[in-house]
Amino acid sequence: MGYYGYYGYYFDPTYLLVLIGAVLCLFAQMRVKSAYHKYAKVPSRTGMTGAQAAQRILNMSGIHDVRIEHVRGELTDHYDPSNKVLRLSDTVYGSASIAAIGVAAHECGHAVQHDQGYAPLKFRSALVPAANIGSKAGIPLIILGAILGMNQMLIQIGIWVFALAVLFQLVTLPVEFNASGRALAMLGDYGMMERDEVSSCRKVLSAAALTYVAAAATAILQLLRLIMLFGRRDND
């Protein structure tokens with residue numbers, strides 16, 4: 001069989017790719033939680049809550065058709081473009097910390113992207129159905145192909161379908177980085193934070209960006225593993 005025996009029974013070197021991905025995600029999560037919790041203890045000089053800051057940014061950006069809602073959880077904040085709803089978590093909605101305002105401003109950045117027709121956001125939104133299929137059906141198709149006597153057609157379809165989920169992760173990167181850039185610029189331009197506070201916000205948002213980088217890297221590594229694994233089996 002080669003490569004330390006039959007897969008599933010002996011050590012497969014491609015598991016190292018899975019391990020690298022897990023370490024990257026763990027590191028990113030630790031960084032974002034550390035940065036967020038640090039600056040969640042630092043109050044903004046304006047005294048505005050995350051919800052108030054978000055409303056002010058939307059108003060000053062000329063956006064009046066986006067609702068702001070409270071959602072449970074920590075760091076569950078997101079912008080829903082299909083319903084034009086900006087949802088802020090427990091630790092952001094009513095908090096007047098630098099971290100809360102930074103996160104709220106980031107989500108407003110997505111609302112501004114949507115309002116201005118930002119191309120990468122539109123592309124990512126269009127990819128959502130395909131990405132959902134890829135994340136749910138890709139691996140099962142590959143497993144089914146393996147069960148059915150290494151059916152290469154099913155395996156290749158599974159890999160290509162899974163690649164759509166990887167593409168979604170890659171397209172997410174410019175969308176998130178751009179939203180953070182917009183957030184920091186708006187906080188300064190709209191006079192909502194002083195320079196040192198904006199710098200602190202940048203640290204929070206930069207740490208958060210690592211989670212998207214780690215997710216994209218992990219998805220790429222998983223795709224690479226699938227290609228290496230089944231490419232090798234063709235040669236065995």
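Start by selecting helix α1 and showing the side chains of Leu17, Gly21, Ala28, Val32, Ala35, Tyr36 and Tyr39: these residues are buried. Keep in mind as you look around that this is a predicted model. An α-helix has 3.6 residues a turn, so residues three or four places apart point the same way. With that in mind, look at how the buried residues, among them Ala28, Val32, Ala35 and Tyr39, are placed along α1.

What span should 25 residues give? At 1.5 Å a residue, helix α1 (residues 15-39) should span 36 Å, and the end C-alpha atoms are 37 Å apart, which agrees.

Next, colour the protein by pLDDT. The average is 89, and 93% of the residues score at least 70. Then select residues 1-9, where pLDDT stays under 50. For this stretch the model has 15 contacts beyond four places in sequence.

Now for the charged side chains. Side chains of opposite charge can pair when their charged atoms come close. The count here comes to 8 salt bridges, and the next stops visit some of them.

Select Arg45 and Asp196, whose side chains meet in a salt bridge with N to O at 2.7 Å. This pair links distant parts of the chain, 151 residues apart: Arg45 lies in the loop between α1 and α2 (50-60), and Asp196 in helix α7 (residues 195-235). Are these residues buried or exposed? Arg45 counts as exposed because its relative accessibility is 52%, while Asp196 is partly exposed, with a relative accessible area of 40%.

Move on to Arg124 and Glu176. The closest N and O atoms of this salt bridge are 3.2 Å apart. Here too the pair links distant parts of the chain, with Arg124 in helix α5 (residues 119-147) and Glu176 in helix α6 (residues 152-189), 52 residues apart.

For the last stop, select Asp80 and Arg87. Their side chains form a salt bridge, N to O at 3.3 Å. How much relative accessible area does Asp80 have? The value is 12%, so Asp80 is buried. Arg87 is buried as well, with a relative accessible area of 19%, just below the 20% cut-off for that label.

Definitions and conventions: Residues are numbered from 1 along each chain as its sequence is written. This is a predicted model: local features need pLDDT of at least 70, side-chain atom pairs count only at pLDDT 80 or more; totals for chains, interfaces and linings use all residues. Side-chain values use heavy atoms; hydrogens and water are left out. pLDDT is the predictor's confidence in each residue, from 0 to 100. Contact means heavy atoms within 4.5 Å. Helices (H or I, at least four residues) and strands (E, at least two) are DSSP runs, numbered from the N terminus. The expected span of a helix is 1.5 Å times one less than its number of residues. Buried means under 20% relative accessible area, exposed over 50%, partly exposed in between (1.4 Å probe, protein chains only). A salt bridge is a side-chain nitrogen of Lys or Arg within 4 Å of a carboxyl oxygen of Asp or Glu.
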